[in-house]
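Please walk me through this model in the viewer. Tell me what to select at each stop and what is there.

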Amino acid sequence: MAKVYKKTSGNESIALYLGKRDFVDHVESVDIVDGVIKVDPAELEGRKVWVYLACAFRYGSDDLDVIGLSFRKDIWVKRMQIYPVVGTKPANTPMQEALLKKCGDQGHPFTFTIDTNLPCSVGLQPAPEDAGKSCGVDYEVKAYIAKEADDPDEKISKKDTCRLIIRKIQFAPGKVGAGPKADISKNFMMSDKPVHLEASIEKELYFHGDPIPVNVKINNETTKVVKKIKITVEQTTEVLLYQSDKYSKTVHTEEFAEEIKGESTLEKTFTVIPLLSNNKEKRGLAVDGRLKDEDTNLASTTIIRPGMDKGMQGIMVSYKIKVNLLVSSGGLLGGLTASDVGVEVPLVLMSPKPADVTDIKFE
């Protein structure tokens, strides 16, 4: 095993072991969360050891809980008793067998199955001056010592707990459809002929960091002059849990100095690359879930399957490419009008599927 993730409680009575922290949503199923809890019963004092897996929406720092408000809303929780052992356990996975060799006789395996309708890990980027955890959807595996699994009257000390944040991630599907196309014909005052604009992309889905070729066709039948072409990539984020909030942020914008005179045409491909590295200062931008201070990327497009409860997603992310023309007014001054010739095409951004993803699953 290349790496083991371990967290020990403050009193060292329990320790949580995981062999990985990224769990893949394969659409039909999600990788099982299989780990081991090491238990030293000497300090339990008649209490039991439990473990839970929770998907939660966080919209504030844990430090603010001191004022009596909860800034975390659980979307989905599963709990199980680890010690004393109750009932029959499923057969150990290869991952658990490897972890048990590190824990010895005090190791107790656990397995959780994540529902397929739950959201992937996603966060909202904090501003540079913001402290604490960012808002977003995360997954937490937590082991704890308590008399009961979930008694609101029982206070559990932090020294009796240990936890690890994990990620539910989704990769691009193997088959990608043809790209979308949009067009518009715009008439101007004092002109009986239009400017026709068409924009398209070759495929519906692109990987994070890959160049995106945008095909632009312009037929300028007027006497006006198209001075510039402006291409913008926008991310739209819809926060569904704590309030109804939907907003868009530009993640890439670029102007191309292409002059299309009256009664002429242009057909050209322009390349854009939206990157998180160029948007580090934008508060509220949706990013893929991260572990500690690891690098991440712009949030992947949220894929909603038929029958899925949209409200369960917590945060939904989509993208679009906007192509606008800056057209001269045509008079003696030759000024530019507001960009009122424009089209939009939807864009899906996701991460590519690693070659070894299928090897991660244990049958």
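Predicted model: local features only at pLDDT ≥ 70, side-chain atom pairs only at ≥ 80, totals over all residues.

**Stop one: the helix**

Select residues 94–103, which form helix α1. Colour M95, Q96, L99, L100 and C103: these residues are buried. Now look down the axis. The five fall on the same side of α1, because they cover an arc of only 130° around that axis.

Next, show β2 (14–18), β4 and β7 (107–112). The buried residues of α1 pack against these strands. For β4, select 33–39.

Turn to the face of α1 that points away from the buried side. P94 and K101 are there, and both are exposed.

Step past the end of the helix to G104. This glycine follows α1 and has a positive phi, near 80°.

Select E28. Its loop runs between β3 (22–25) and β4 (33–39). Is E28 buried or exposed? E28 is exposed, because its relative accessible area is 67% and the cut-off for exposed is over 50%.

Move to T302. This threonine sits in the loop between β18 (286–288) and β19 (315–327).

Which residues beyond four places in sequence does T302 contact? Show Q313, I315, M316 and V317: T302 is in contact with each of them.

Finish on V317. Its backbone nitrogen lies 2.8 Å from a polar atom of the T302 side chain.

Technical notes
Residues numbered from 1 in each chain as written. Heavy atoms only, no water. Helix = DSSP H or I, 4+ residues; strand = E, 2+ residues; numbered from the N terminus. Polar contact = N/O pair within 3.5 Å; in protein donor to acceptor, adjacent residues only side chain to side chain. Contact = heavy atoms within 4.5 Å. Buried < 20%, exposed > 50% of the residue type's maximum accessible area, 1.4 Å probe, protein only. Arc of directions from axis to C-beta.
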